[in-house]
Amino acid sequence: MAISILIPTALRQFTDDLSEVNVEAKTVREALDKLTETYVDLQKHLFTDMNALRSFVNIYVGEDDIRQKEGLATTLGDNDTIMLVPSIAGGTTAVVG
Amino acid sequence: MSELTKEEITRYSRHLILPEVGLEGQKKLKDSKVLLIGTGGLGAPLAMYLAAAGIGTIGIVDFDYVDESNLQRQIIHGTRDVGRPKIASARDGIKSINPKVNVIAFETRLSSQNALDIIKDFDVVADGTDNFPTRYLVNDACVFLGKPNVYGSVFRFEGQSSVFHAEKGACYRCLYPEPPPPGLVPSCAEGGIIGVLPGIIGCIQANETIKLLLGKGEPLINRLLLFDSWKMRFRELKLSKDPNCPVCGKNPTITKLIDYEEFCGLKKPEVDEPIEEITALELKERFDNNERLQIIDIREPHELAIGKLPNTKAIPFGQLVRRQSELDPAIDTVVVCKVGTRSKIAIRVLKEAGYQGPLYNLRDGINSWANDVDDTIAKY
């Protein structure tokens, strides 16, 4: 399946500034594995050491959260779009800046 | 319900002739109380449009002072306000648009100690602070008090907005149970922001606030609006209430306000191996002694264009792991960023990736170099 993965601004520093990466994959897990194989710096931002999705990144297929489907095992159809939606916060805090 | 004066009928006539607002709706707005957390990029347009719309009472919470670098986007503050408390300048801005608005100013940082007291008398809360500890604090307080929370967030060219109202749908914790570790997501001060973007997202928040007060229209409950200002594209995602949500789920585990700085990892003791640091003056001395050093600047190319150290090799943060072989582990490496925060994370990333050579963090970043060594470089 030809899948398009949309990369949000906050994560583009790890994908050579690409806003969209195309992969061939049958499940969300396979698509994200292919993405992080190419862009290894992204791996630790998406997955924990236990290879679970981090809780500040949500993954959508189309407009649905994969948590409402089968999680990383959610199957993909041709031309599906995966969207990575991290929590963002532009305002300064005490430590960042 | 309050009546409208003759002047108010003229003033709000464009609302009054909208059947969806009308006289009844405008009276509701006049009797309404909205609390704005923060009067920055999002809070500025929120305050201005809510004042113009005739909201009876606007509460504003802020403890910050107007800085010159705020003016590119925080349009309620002007050049002559630089150095003033934001709360004073925002009050002037609101009063100049609409002197009838009752402004309640809280010159304080919203905290677990004061949040419930401050929020409890307001009908709707709009969070314009856009940082993680305040966002979770406002979310939890609103869940406990049953208040709708109008959310907005911005980063570079991208924004998000939603309405979190636990009685009717998802709260922020249903969407993101936990914040990212500090430093992983850069702030506007690091990541930059197109000035118009918080204006657009703040206006969306103002629009949602007015709909909630009127009890009309379709609010962004259970919907997350994503906006990309560079592609000029809106997307909408579905949100669902999480039955296991620790604050609004069936069996909540958090039933009172907690320490949000701690929750967001901002108070975490240094359990990791300490990172060695070098000051700008020490580095200058090593340059003067012609010592062999490699200077790795992990900022993005456009930041380097503002100014950099001599003999800098640029490897953007996001490419460090892939390009670590370009470093010579036999000599000392000094890692540089803007203020010395990202460079610390970069050093940890390199160590975790197996880099063996000596790594030093330039304390306080290029800004300290600009301060102490080379004043031809602009601080930013």
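Mentor: One definition has to come first: two strands pair if DSSP finds at least two bridges between them. Keep in mind as well that this is a predicted model. With that rule, five strands of chain A form an open sheet with mixed pairing, in the order S2-S1-S5-S3-S4.

Trainee: What makes strand S2 and strand S4 of chain A the edges?
Mentor: Strand S2 (20–24) and strand S4 (64–65) of chain A each have a single partner strand, so one side of each is left without a neighbour in the sheet.

Trainee: How do you know that S3(A) and S4(A) pair, and in which sense?
Mentor: The definition asks for at least two bridges, and strand S3 (residues 57–61) of chain A is joined to S4(A) by two bridges in the antiparallel sense. The pair therefore meets the definition. Within this pairing, A:Val61 stands opposite A:Asp64 in S4(A). Helix H1 (residues 28–38) of chain A packs on the sheet, where it touches strand S1 (2–6), S2, S3 and strand S5 (81–86) of chain A, and its direction makes about 120 degrees with that of S2(A).

Trainee: Turning to chain B, which strands are at the edges of its sheet?
Mentor: The open sheet there has eight strands in the order S3-S2-S1-S4-S5-S6-S7-S8, with mixed pairing. Strand S3 (102–106) and strand S8 (233–238) of chain B are the edge strands, since each pairs on one side only. From one strand to the next, the twist averages 15 degrees.

Trainee: Which way do the residues of S4(B) point, and are they buried or exposed?
Mentor: In strand S4 (residues 124–127) of chain B, B:Val124 and B:Ala126 point one way, B:Val125 and B:Asp127 point the other way, and all are buried. In a regular strand the side chains alternate between the two faces of the sheet. To be called buried, a residue needs 20 or more other C-beta atoms within 10 Å of its own.

Trainee: What kind of unit do S4(B), H7(B) and S5(B) make?
Mentor: Strand S4(B), helix H7 (residues 132–145) of chain B and S5(B) make a right-handed β-α-β unit. Its two strands run parallel, with three bridges joining S4(B) to strand S5 (residues 149–155) of chain B, and B:Ala126 stands opposite B:Val150 in S5(B).

Trainee: Why is H4(B) called oblique to H10(B)?
Mentor: Helix H4 (residues 43–53) and helix H10 (residues 196–214) of chain B pack at an angle of about 40 degrees, with their axes 7 Å apart. Angles under 35 degrees would count as roughly parallel and those of 65 to 115 as roughly perpendicular, and so H4(B) is oblique to H10(B). The crossing is right-handed, and the residues that meet include B:Gly43, B:Ala44 and B:Leu50 in H4(B) and B:Gly199, B:Gly202 and B:Ile210 in H10(B).

Definitions and conventions
Residues are numbered from 1 along each chain as its sequence is written. Chains are lettered from A and ligands numbered from 1 in the order in which they are written. This is a predicted model: local features need pLDDT of at least 70, side-chain atom pairs count only at pLDDT 80 or more; totals for chains, interfaces and linings use all residues. A residue is buried if 20 or more other C-beta atoms lie within 10 Å of its own, exposed if 12 or fewer, and partly exposed in between; C-beta atoms are placed from the backbone. Helices (H or I, at least four residues) and strands (E, at least two) are DSSP runs, numbered from the N terminus. A crossover is right-handed if, with the strands pointing away from the viewer, the path from the first strand over the helix to the second runs clockwise. Axes are lines fitted to C-alpha atoms, for helices over the stretch in contact, and angles run from 0 to 180 degrees between N-to-C directions. Angles under 35 degrees count as roughly parallel, over 145 as roughly antiparallel, 65 to 115 as roughly perpendicular and the rest as oblique. A crossing is left-handed if the near helix is turned anticlockwise from the far one by less than a right angle, and right-handed if clockwise. Two residues are in contact if their C-beta atoms, placed from the backbone, lie within 7 Å.
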